[in-house]
Amino acid sequence: MSKKIFAANWKLNKTPEEARDFVIKLKNEIFKIPDFFSGREIMIFPSAISLEAVSSLCAGTDIQFGPQNIYSEKSGAFTGENSAEVAKALKSQIALVGHSERREIFKEQDDHLNKKVALLQNLQILPVFCIGETLAQREAGKTLEICFSQLQNGLKEINKDQRLIVAYEPVWAIGTGKVATKEQVAEVHAKLSEYLSSQGFRNVQLLYGGSVKPDNAGELLKIPHVDGFLIGGASLQPDSFLKICTAV
Ligand code: PGA
């Protein structure tokens, strides 16, 4: 059985000191759980400013980390952006691409996200590519159409043999406390898995994200094709993050 993936998305939270404090506490707790990493992968996405702090404590351990966003070029005159090459130099193994907040607030489009995924693959950084429908799209019965089109356009002409993670996060469930029902998650994950294999992707894991908490994680993890979670609010405290990680 493949490992379950637990990814913390800290968004615009935590100073470098708070980030270090979190990692120290997390490592102390993990240490007490025998074979913790044999069934799990742990990932942390700090804000770019706290990436070095996380790297200093996680590099060389089994805790993976990386930026919440990168630019589609490695370097150059792109004021304010994050470089994937710099993230790599800080030993990042992973990067988020196309989170719904990037898509909605910063107007990121699929073709640009596609370039980011390709660049990450080039640098051997594992992309965690986010997709998901808004409430209006779900109510209009367009959930699958939207998700498939985000996959089709965001993952064009990339290496389908290289490992990839797709995070399905219904936008209406993010930070709202409204978790998708088991039936909704089961339906979308089954269809996404079918779609990705029909498109020739051979090494993809599917995460669910959107108001995952310690008290719903166990049930959600039992759903077929749910390989783990992308967790926002409940990942900010080591104890609630760890409760989700041990719900397996
Ligand atoms: P949430 O955020 O767990 O706070 O809903 C998830 C995410 O945005 O990745």
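Visitor: What are the ground rules for numbering and for the model?
Guide: Residues are numbered from 1 along each chain as its sequence is written, and side-chain values use heavy atoms, with hydrogens and water left out. The model is predicted, so local features need pLDDT of at least 70, side-chain atom pairs count only at pLDDT 80 or more, and totals for chains, interfaces and linings use all residues.

Visitor: What makes up the secondary structure of the protein?
Guide: It comes to 10 helices and 8 strands. These are DSSP runs, numbered from the N terminus: helices are H or I with at least four residues, strands are E with at least two.

Visitor: Why is the protein called as compact as a globular protein of its length?
Guide: Its radius of gyration is 17 Å, close to the 18 Å that the globule rule gives for 248 residues, so the description holds. The radius is taken over C-alpha atoms, and the rule is 2.2 Å times the number of residues to the power 0.38. Along the principal axes, the C-alpha atoms fill a box of roughly 45 × 45 × 30 Å.

Visitor: How much of the protein is buried?
Guide: Buried residues make up 51% of the 248 residues. Buried means under 20% relative accessible area, exposed over 50%, and partly exposed in between (1.4 Å probe, protein chains only).

Visitor: Why is Pro67 called buried?
Guide: Its relative accessible area is 4%, under the 20% limit, so Pro67 is buried. Pro67 sits in the loop between strand S3 (63-65) and helix H3 (84-89). Leaving aside neighbours within four places in sequence, its contacts (heavy atoms within 4.5 Å) include Phe45, Leu51 and Leu96.

Visitor: What makes the phi of Ser211 worth a look?
Guide: Phi of Ser211 is near 55°, a positive value in a residue other than glycine. Most residues other than glycine have a negative phi. Ser211 lies in the loop between strand S7 (204-209) and helix H9 (214-221).

Visitor: Is Ser211 buried or exposed?
Guide: At 8% relative accessibility, Ser211 counts as buried.

Visitor: Why is His225 called partly exposed?
Guide: Its relative accessibility is 37%, between the 20% and 50% limits, so His225 counts as partly exposed. His225 is in the loop between H9 and strand S8 (228-231). Its phi is positive, about 70°, although His225 is not a glycine.

Visitor: What makes Asn216 a buried residue?
Guide: Its relative accessible area is 14%, under 20%, so Asn216 is buried. Asn216 lies in helix H9. Not counting residues up to four places away in sequence, Asn216 touches Val179 and Ser211.
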